[in-house]
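Hi everyone, thanks for coming. I'd like to walk you through a structure, so please have the sequence and the 3D view ready.

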Amino acid sequence: MSHLSYLAVLAACLVGTAPLEIVLRTRVYARWRRLLLTLAPTVVVFAAWDVYAIHRHQWTYERHFTTGVLLPGRLPLEELLFFLVVPTCAVLTLEAVRRRRPQWTVGDEQ
Amino acid sequence: MTYTVLAVLGVAGAALVDQAVWRTNLLRRKAFWTTYALMLVFQLVVNGVLTGLPVVRYDRQAITGVRIANAPVEDLLFGFAMIVLTLSTWVWLGRRGAPGASTRRR
């Protein structure tokens, strides 16, 4: 089971932040098209950075703790998921903060 | 380029996007810094697990060697850049009225 460790960490991030959408009504998943468009540049830039770092051997992933599924550029599947999960958590957190502090504007208020 | 150099460039690039490209100016907003503070706490936990097991190992030549909760300090810059870019894009899309962007309060 240890090869699922990294996936489990990512799943915990999604499960841990899910109450923000449900309880605080952040409406991030509800605005899924805006979320997907938001994730696109982040995934492209940071996956490219990751591939570069892997190529230069700046960091390596332990096979014991990952599924071993490699995407082009030898990018572990978990890393691609990381660039989707963590930014989603960030957006959920921002919207949760705004729900609690509506006076803290960010500039997209209608 | 070492991870250290790239991490500094990453933060500069994300700040440039926020200030000059999307012009969302999140770096001057309380909502952003509160969000970042919360994310930082969880990043230290998640990064601590990933570098503690370790899921990921770093080349000593590529980093300064300064570590916080197991993780190289460069990871904090990487995370900061990722959060700034993401939230700046999110707000920019909201300002432009992206599909499903409405922030109406119920």
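**Two chains, side by side**

Let's begin where the strands meet: β1(A) pairs with strand β1 of chain B, residues 56-58, in the antiparallel sense, over three bridges. If you'd like one pair to click on, take Trp59(A), whose bridge partner in β1(B) is Tyr58(B). Please keep in mind throughout that this is a predicted model.

Now, how many residues of chain A are in contact with chain B? The count is 39 residues of chain A, in contact with 41 residues of chain B. On the chain A side, at least two residues each come from α1 (5-22), α2 (32-55), β1 (59-61) and α3. Which of these gives the most? That is α2(A), with 11 residues. By residue type, the side of chain A that touches chain B has 21 nonpolar, 10 polar and eight charged residues.

Chain A has three helices and three strands, and from the N terminus on they run α-α-β-β-β-α. The C-alpha trace of chain A spans about 45 × 30 × 20 Å along its principal axes. Of its 110 residues, 38% count as buried. If we take the contacts in chain A between residues at least 6 apart in sequence, 70% of them join residues at least 24 apart.

Over to chain B. Here there are three helices and three strands, and reading along the sequence gives the pattern α-α-β-β-β-α. Its C-alpha trace spans about 45 × 30 × 25 Å along the principal axes. Chain B has 106 residues, and 41% of them count as buried. Of the contacts in chain B with a separation of 6 or more, 62% come from residues 24 or more positions apart.

Next, let's look inside chain A, at a pair of helices. α2(A) and α3(A) pack with their axes 9 Å apart, at an angle of about 135 degrees. Is that roughly antiparallel or oblique? Roughly antiparallel would need an angle over 145 degrees, and α2(A) and α3(A) are therefore oblique to each other. The crossing of α2(A) past α3(A) is right-handed.

Which residues meet there? From α2(A) we have Leu35(A), Thr38(A), Leu39(A), Thr42(A), Val43(A), Phe46(A), Ala47(A) and Asp50(A). Facing them in α3(A) are Glu79(A), Leu80(A), Phe83(A), Leu84(A), Pro87(A), Thr88(A) and Val91(A). The residues of this contact divide into 10 nonpolar, three polar and two charged.

Leaving aside residues up to four places away in sequence, Leu84(A) touches Leu39(A) and Val43(A). Leu84(A) has 16 other C-beta atoms within 10 Å, so it counts as partly exposed; buried would take 20 or more. For a sense of scale, Leu84(A) and Trp49(A) are 35 residues apart in sequence and 15 Å apart in space, C-alpha to C-alpha.

Now back across to the other chain, following α3(A). The axes of helix α3 (residues 77-100) of chain A and helix α2 (residues 30-52) of chain B come within 9 Å and cross at roughly 125 degrees. α3(A) and α2(B) are therefore oblique to each other, and α3(A) passes α2(B) in a right-handed crossing.

In this contact, α3(A) brings Ala90(A), Thr93(A), Leu94(A), Val97(A) and Arg98(A). They meet Ala31(B), Thr34(B), Thr35(B), Leu38(B) and Met39(B) in α2(B). Sorted by type, the residues of this contact are six nonpolar, three polar and one charged.

I'll finish with Met39(B), which lies in helix α2 of chain B. Is Met39(B) buried or exposed? With 21 other C-beta atoms within 10 Å, Met39(B) is buried, because the cut-off is 20 or more. Apart from residues up to four places away in sequence, Met39(B) touches Ala90(A), Thr93(A) and Ile83(B). Met39(B) and Ile83(B) are 44 residues apart in sequence, and their C-alpha atoms are 8.6 Å apart in space.

That's my tour, and I'm happy to go back to any view you'd like.

Conventions. Residues numbered from 1 in each chain as written. Chains lettered and ligands numbered in written order. Predicted model: local features only at pLDDT ≥ 70, side-chain atom pairs only at ≥ 80, totals over all residues. Axes fitted to C-alpha atoms, helices over the stretch in contact; angles between N-to-C directions. Helix = DSSP H or I, 4+ residues; strand = E, 2+ residues; numbered from the N terminus. Parallel < 35°, antiparallel > 145°, perpendicular 65-115°, else oblique. Left-handed = near helix turned anticlockwise from the far one by under 90°. Contact = placed C-beta atoms within 7 Å. Nonpolar A, V, L, I, M, F, W, Y, C, P; charged D, E, K, R; others polar. Pairing = 2+ DSSP bridges. Buried ≥ 20, exposed ≤ 12 C-beta atoms within 10 Å, placed from the backbone.
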